[in-house]
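Me: Please examine the aromatic pairs of this model closely, taking one of them in detail.

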Amino acid sequence: MRGTEFLHLEATQTQLLASIKTESNLSTFGFMFRNVNFWFFAIVICVSLWSCRKELPNGGKPFYLEISDPEVSSSTTTGSALHNISDVWVQAGPKNLGVYSTPASIPVLTDTGTYTVVLQAGIKNNGTTTDRKPYPFYASQVLQIAFTDSQKISIKPRFEYVASTRVALNEGFESGNAFTSAMTVVSGTPDVLEGTGSGLLQPGPSSTVEAVSATYSISTASIVYVEMNYKNDVPMTVGIESNEAGTTVRVDKVTLFPKLSWGKVYIEFTPQLRQLTSGSYRFYIKAINTDSSSAAKVFVDNFKVLYL
(Lines give C-alpha, C1' and ligand atoms only; values in the text may rest on other atoms or scores of the structure.)
Protein backbone atom coordinates (compact mmCIF):
# COMPACT_ATOMS: atom_id res chain seq x y z
CA MET A 1 0.00 0.00 0.00
CA ARG A 2 2.75 2.37 0.86
CA GLY A 3 4.29 1.97 -2.62
CA THR A 4 0.99 2.63 -4.30
CA GLU A 5 0.46 5.77 -2.23
CA PHE A 6 3.93 7.00 -3.13
CA LEU A 7 3.27 6.55 -6.84
CA HIS A 8 -0.08 8.37 -6.56
CA LEU A 9 1.56 11.29 -4.72
CA GLU A 10 4.30 11.57 -7.37
CA ALA A 11 1.70 11.66 -10.17
CA THR A 12 -0.25 14.37 -8.42
CA GLN A 13 2.90 16.48 -7.97
CA THR A 14 3.73 16.10 -11.68
CA GLN A 15 0.21 17.26 -12.70
CA LEU A 16 0.45 20.27 -10.37
CA LEU A 17 3.78 21.36 -11.81
CA ALA A 18 2.42 21.01 -15.36
CA SER A 19 -0.60 23.11 -14.44
CA ILE A 20 1.56 25.85 -12.96
CA LYS A 21 3.75 25.90 -16.06
CA THR A 22 0.73 26.15 -18.33
CA GLU A 23 -0.79 29.05 -16.31
CA SER A 24 2.56 30.80 -16.33
CA ASN A 25 2.75 30.55 -20.10
CA LEU A 26 -0.81 31.83 -20.45
CA SER A 27 -0.06 34.74 -18.09
CA THR A 28 3.04 35.65 -20.08
CA PHE A 29 1.05 35.50 -23.31
CA GLY A 30 -1.72 37.67 -21.79
CA PHE A 31 0.83 40.25 -20.65
CA MET A 32 2.38 40.36 -24.10
CA PHE A 33 -1.08 40.61 -25.69
CA ARG A 34 -2.02 43.53 -23.46
CA ASN A 35 1.22 45.34 -24.31
CA VAL A 36 0.64 44.81 -28.01
CA ASN A 37 -2.86 46.28 -27.63
CA PHE A 38 -1.50 49.29 -25.73
CA TRP A 39 1.13 50.12 -28.34
CA PHE A 40 -1.29 49.53 -31.19
CA PHE A 41 -3.81 52.00 -29.81
CA ALA A 42 -1.06 54.47 -28.90
CA ILE A 43 0.19 54.45 -32.49
CA VAL A 44 -3.36 54.86 -33.84
CA ILE A 45 -3.96 57.89 -31.58
CA CYS A 46 -0.66 59.52 -32.55
CA VAL A 47 -1.34 59.06 -36.27
CA SER A 48 -4.86 60.49 -35.82
CA LEU A 49 -3.60 63.55 -33.97
CA TRP A 50 -0.90 64.16 -36.57
CA SER A 51 -3.39 63.91 -39.41
CA CYS A 52 -5.76 66.39 -37.64
CA ARG A 53 -3.01 68.94 -36.93
CA LYS A 54 -3.84 72.40 -38.33
CA GLU A 55 -1.56 75.28 -39.12
CA LEU A 56 -2.18 78.47 -37.11
CA PRO A 57 -3.65 81.40 -39.07
CA ASN A 58 -1.03 83.63 -40.67
CA GLY A 59 1.70 81.26 -39.49
CA GLY A 60 0.91 82.09 -35.86
CA LYS A 61 1.76 85.79 -36.27
CA PRO A 62 -1.05 88.07 -35.02
CA PHE A 63 -2.04 91.37 -36.53
CA TYR A 64 -2.45 94.28 -34.10
CA LEU A 65 -5.25 96.81 -34.10
CA GLU A 66 -3.70 100.00 -32.70
CA ILE A 67 -6.71 101.95 -31.42
CA SER A 68 -6.09 105.52 -30.32
CA ASP A 69 -8.25 107.72 -28.09
CA PRO A 70 -11.69 108.21 -29.66
CA GLU A 71 -13.48 111.34 -30.77
CA VAL A 72 -17.17 112.20 -30.96
CA SER A 73 -18.85 114.08 -33.79
CA SER A 74 -21.97 115.99 -32.76
CA SER A 75 -24.50 118.48 -34.14
CA THR A 76 -26.30 121.54 -32.83
CA THR A 77 -29.17 119.25 -31.82
CA THR A 78 -27.09 116.84 -29.74
CA GLY A 79 -24.82 119.60 -28.46
CA SER A 80 -21.27 119.42 -27.16
CA ALA A 81 -18.92 116.76 -28.52
CA LEU A 82 -17.04 116.46 -25.23
CA HIS A 83 -17.12 112.85 -24.09
CA ASN A 84 -15.86 110.40 -21.51
CA ILE A 85 -15.52 107.23 -23.58
CA SER A 86 -13.41 104.90 -21.47
CA ASP A 87 -13.44 101.68 -23.52
CA VAL A 88 -13.97 100.21 -26.97
CA TRP A 89 -15.83 96.97 -27.61
CA VAL A 90 -14.24 95.31 -30.64
CA GLN A 91 -15.32 92.68 -33.15
CA ALA A 92 -13.31 91.58 -36.19
CA GLY A 93 -15.24 89.41 -38.64
CA PRO A 94 -17.00 86.72 -36.58
CA LYS A 95 -14.57 87.10 -33.67
CA ASN A 96 -15.57 89.04 -30.57
CA LEU A 97 -12.23 90.44 -29.41
CA GLY A 98 -13.49 91.86 -26.10
CA VAL A 99 -13.41 95.20 -24.30
CA TYR A 100 -10.32 97.41 -24.10
CA SER A 101 -9.47 100.69 -22.42
CA THR A 102 -8.18 103.24 -24.88
CA PRO A 103 -5.60 103.62 -26.23
CA ALA A 104 -5.25 99.89 -26.93
CA SER A 105 -3.14 97.43 -28.91
CA ILE A 106 -5.35 94.42 -29.71
CA PRO A 107 -3.89 91.19 -31.15
CA VAL A 108 -5.92 89.47 -33.90
CA LEU A 109 -4.84 86.00 -35.01
CA THR A 110 -6.39 85.51 -38.42
CA ASP A 111 -5.51 84.84 -42.05
CA THR A 112 -4.85 87.68 -44.43
CA GLY A 113 -7.93 89.17 -46.06
CA THR A 114 -10.47 91.96 -45.68
CA TYR A 115 -12.61 91.88 -42.55
CA THR A 116 -15.44 93.93 -41.10
CA VAL A 117 -14.27 95.53 -37.86
CA VAL A 118 -16.94 96.92 -35.55
CA LEU A 119 -16.12 99.34 -32.72
CA GLN A 120 -18.57 100.31 -29.99
CA ALA A 121 -18.01 103.19 -27.58
CA GLY A 122 -17.93 102.03 -23.97
CA ILE A 123 -18.74 104.09 -20.88
CA LYS A 124 -18.69 103.77 -17.12
CA ASN A 125 -22.43 103.60 -16.55
CA ASN A 126 -23.52 106.00 -13.78
CA GLY A 127 -19.85 106.82 -13.28
CA THR A 128 -19.00 103.42 -11.78
CA THR A 129 -16.04 101.35 -12.94
CA THR A 130 -17.90 98.11 -12.18
CA ASP A 131 -20.72 98.84 -14.66
CA ARG A 132 -19.13 99.26 -18.07
CA LYS A 133 -21.28 98.96 -21.16
CA PRO A 134 -21.61 100.23 -24.73
CA TYR A 135 -23.28 103.63 -24.78
CA PRO A 136 -26.54 103.24 -26.71
CA PHE A 137 -26.51 106.81 -28.04
CA TYR A 138 -23.17 106.51 -29.85
CA ALA A 139 -23.47 104.61 -33.14
CA SER A 140 -21.08 101.73 -33.77
CA GLN A 141 -18.24 102.48 -36.15
CA VAL A 142 -18.04 99.87 -38.93
CA LEU A 143 -14.81 99.60 -40.91
CA GLN A 144 -13.60 97.39 -43.76
CA ILE A 145 -9.97 96.63 -42.99
CA ALA A 146 -7.48 94.69 -45.11
CA PHE A 147 -5.24 92.44 -43.02
CA THR A 148 -2.14 92.14 -45.24
CA ASP A 149 1.59 91.97 -44.60
CA SER A 150 1.46 94.93 -42.23
CA GLN A 151 1.32 93.65 -38.67
CA LYS A 152 0.02 96.92 -37.14
CA ILE A 153 -3.18 98.62 -38.25
CA SER A 154 -3.89 102.08 -36.82
CA ILE A 155 -7.48 103.11 -36.13
CA LYS A 156 -8.75 106.48 -34.88
CA PRO A 157 -12.31 105.83 -33.61
CA ARG A 158 -14.83 108.54 -34.42
CA PHE A 159 -18.32 108.07 -33.05
CA GLU A 160 -21.54 109.91 -33.84
CA TYR A 161 -24.88 110.05 -32.07
CA VAL A 162 -27.32 107.52 -33.49
CA ALA A 163 -29.79 109.09 -35.90
CA SER A 164 -32.80 108.12 -33.76
CA THR A 165 -31.54 110.02 -30.68
CA ARG A 166 -34.22 112.29 -29.25
CA VAL A 167 -33.19 115.30 -27.16
CA ALA A 168 -35.49 116.44 -24.38
CA LEU A 169 -32.97 118.93 -22.99
CA ASN A 170 -29.63 120.26 -24.20
CA GLU A 171 -28.51 122.98 -21.80
CA GLY A 172 -25.11 124.50 -22.55
CA PHE A 173 -25.77 127.72 -20.57
CA GLU A 174 -24.89 129.83 -23.58
CA SER A 175 -28.12 131.76 -24.10
CA GLY A 176 -30.37 130.74 -21.23
CA ASN A 177 -30.95 128.46 -18.30
CA ALA A 178 -33.50 125.64 -18.26
CA PHE A 179 -33.23 125.18 -14.49
CA THR A 180 -34.84 126.98 -11.57
CA SER A 181 -33.30 130.14 -10.13
CA ALA A 182 -30.87 128.42 -7.77
CA MET A 183 -28.79 127.68 -10.87
CA THR A 184 -27.01 130.81 -12.05
CA VAL A 185 -24.90 131.28 -15.15
CA VAL A 186 -21.27 132.33 -14.92
CA SER A 187 -19.34 133.68 -17.89
CA GLY A 188 -15.94 135.07 -18.67
CA THR A 189 -14.21 133.19 -15.85
CA PRO A 190 -11.61 130.37 -15.82
CA ASP A 191 -14.36 128.11 -14.45
CA VAL A 192 -16.31 128.08 -17.74
CA LEU A 193 -15.79 124.74 -19.47
CA GLU A 194 -16.47 125.72 -23.10
CA GLY A 195 -18.33 128.43 -24.92
CA THR A 196 -19.29 131.51 -22.96
CA GLY A 197 -21.08 130.14 -19.91
CA SER A 198 -21.53 127.35 -17.39
CA GLY A 199 -24.10 126.71 -14.66
CA LEU A 200 -23.30 127.31 -10.99
CA LEU A 201 -24.87 126.23 -7.69
CA GLN A 202 -23.54 127.91 -4.52
CA PRO A 203 -24.69 126.34 -1.26
CA GLY A 204 -23.84 128.36 1.83
CA PRO A 205 -22.33 126.88 4.98
CA SER A 206 -24.21 123.80 6.23
CA SER A 207 -26.84 124.05 3.51
CA THR A 208 -28.22 122.31 0.45
CA VAL A 209 -29.41 124.03 -2.72
CA GLU A 210 -31.00 122.44 -5.74
CA ALA A 211 -31.99 123.30 -9.28
CA VAL A 212 -34.88 121.58 -11.06
CA SER A 213 -35.45 121.35 -14.79
CA ALA A 214 -38.66 121.91 -16.68
CA THR A 215 -41.06 118.98 -17.20
CA TYR A 216 -40.49 116.65 -20.15
CA SER A 217 -42.82 114.04 -21.60
CA ILE A 218 -40.96 110.79 -22.24
CA SER A 219 -42.41 107.36 -22.92
CA THR A 220 -41.90 104.96 -20.02
CA ALA A 221 -40.61 102.38 -22.53
CA SER A 222 -37.69 104.62 -23.50
CA ILE A 223 -33.99 104.27 -22.86
CA VAL A 224 -33.07 107.48 -21.03
CA TYR A 225 -29.71 108.99 -20.11
CA VAL A 226 -28.47 112.25 -18.70
CA GLU A 227 -25.08 113.45 -19.92
CA MET A 228 -23.40 116.10 -17.85
CA ASN A 229 -20.07 117.84 -17.39
CA TYR A 230 -19.39 118.88 -13.82
CA LYS A 231 -16.84 120.22 -11.37
CA ASN A 232 -17.65 120.33 -7.67
CA ASP A 233 -15.97 120.94 -4.33
CA VAL A 234 -18.85 119.34 -2.36
CA PRO A 235 -21.01 116.28 -3.10
CA MET A 236 -23.79 116.69 -5.66
CA THR A 237 -26.79 114.45 -6.31
CA VAL A 238 -28.60 114.02 -9.63
CA GLY A 239 -32.13 112.62 -9.61
CA ILE A 240 -35.55 112.44 -11.23
CA GLU A 241 -39.03 113.36 -10.01
CA SER A 242 -42.54 112.67 -11.22
CA ASN A 243 -46.08 113.42 -10.16
CA GLU A 244 -47.59 110.00 -9.45
CA ALA A 245 -51.34 110.15 -8.76
CA GLY A 246 -51.06 113.62 -7.20
CA THR A 247 -47.92 112.85 -5.18
CA THR A 248 -44.44 114.06 -6.10
CA VAL A 249 -42.09 111.08 -6.07
CA ARG A 250 -38.33 111.62 -6.16
CA VAL A 251 -35.48 109.23 -6.82
CA ASP A 252 -31.89 110.24 -6.09
CA LYS A 253 -29.98 108.41 -8.82
CA VAL A 254 -26.29 109.14 -8.25
CA THR A 255 -24.17 111.17 -5.86
CA LEU A 256 -20.95 112.55 -7.32
CA PHE A 257 -18.16 113.25 -4.89
CA PRO A 258 -15.92 116.32 -5.11
CA LYS A 259 -13.94 116.66 -8.33
CA LEU A 260 -11.74 119.71 -8.70
CA SER A 261 -11.29 119.40 -12.47
CA TRP A 262 -14.01 119.09 -15.11
CA GLY A 263 -15.34 115.58 -15.72
CA LYS A 264 -18.23 113.96 -17.54
CA VAL A 265 -20.75 111.36 -16.42
CA TYR A 266 -23.41 109.27 -18.18
CA ILE A 267 -26.38 108.60 -15.88
CA GLU A 268 -28.98 106.02 -16.84
CA PHE A 269 -32.60 106.69 -15.82
CA THR A 270 -34.17 103.83 -17.77
CA PRO A 271 -35.06 101.78 -14.65
CA GLN A 272 -36.63 104.82 -13.00
CA LEU A 273 -38.98 105.36 -15.94
CA ARG A 274 -40.23 101.80 -15.42
CA GLN A 275 -41.01 102.69 -11.78
CA LEU A 276 -42.40 106.21 -12.30
CA THR A 277 -45.17 105.74 -14.83
CA SER A 278 -46.66 109.20 -15.24
CA GLY A 279 -44.75 109.86 -18.48
CA SER A 280 -43.79 113.38 -17.33
CA TYR A 281 -40.47 113.95 -15.60
CA ARG A 282 -38.22 116.63 -14.13
CA PHE A 283 -34.52 116.28 -13.40
CA TYR A 284 -32.77 117.91 -10.48
CA ILE A 285 -29.28 118.64 -9.17
CA LYS A 286 -28.60 119.05 -5.45
CA ALA A 287 -25.43 120.55 -4.01
CA ILE A 288 -24.79 119.43 -0.45
CA ASN A 289 -22.45 121.49 1.74
CA THR A 290 -21.76 120.08 5.21
CA ASP A 291 -19.02 122.61 5.99
CA SER A 292 -20.27 125.04 8.62
CA SER A 293 -17.68 127.69 7.92
CA SER A 294 -17.57 128.29 4.17
CA ALA A 295 -19.69 128.34 1.03
CA ALA A 296 -19.18 125.87 -1.83
CA LYS A 297 -19.42 125.79 -5.61
CA VAL A 298 -20.82 123.22 -8.01
CA PHE A 299 -20.35 123.85 -11.73
CA VAL A 300 -22.44 122.18 -14.44
CA ASP A 301 -22.28 122.31 -18.23
CA ASN A 302 -23.72 120.52 -21.26
CA PHE A 303 -26.60 118.98 -19.32
CA LYS A 304 -28.44 116.71 -21.78
CA VAL A 305 -31.52 114.51 -21.42
CA LEU A 306 -31.49 111.95 -24.25
CA TYR A 307 -33.86 109.13 -25.02
CA LEU A 308 -34.50 106.42 -27.59
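Reply: Rings of Phe, Tyr and Trp (its six-membered ring) pair if their centres lie within 6.5 Å; planes under 30 degrees apart are stacked, over 60 edge-to-face, the rest tilted. The whole structure, searched in this way, holds 13 aromatic pairs. In one of them, the ring centres of Trp-262 and Phe-299 are 6.3 Å apart and the planes meet at 55 degrees, so this pair is tilted. Because Trp-262 belongs to strand β19 (residues 259-268) and Phe-299 to strand β21 (residues 298-307), the pair links parts that stand 37 residues apart in sequence; strands are DSSP runs of E, at least two residues, numbered from the N terminus.

The model is predicted: local features need pLDDT of at least 70, side-chain atom pairs pLDDT 80 or more, while totals for chains, interfaces and linings use all residues. Numbering starts from 1 along each chain as its sequence is written, and side-chain values use heavy atoms, without hydrogens and water.

Trp-262 has 21% relative accessibility and therefore counts as partly exposed, whereas Phe-299, at 6%, counts as buried (buried: under 20%; exposed: over 50%; partly exposed: in between; 1.4 Å probe, protein chains only).

Phe-299 also meets a charge: the charged end of Lys-231 sits over its ring, 5.1 Å from the centre (NZ of Lys or CZ of Arg within 6 Å of the ring centre and within 35 degrees of the ring normal). Elsewhere, Arg-250 lies over the face of Tyr-284, 4.0 Å from the ring centre. One aromatic cluster comprises Tyr-135, Phe-137, Tyr-138, Tyr-161, Tyr-225 and Tyr-266.

Notes: Helix = DSSP H or I, 4+ residues; strand = E, 2+ residues; numbered from the N terminus.
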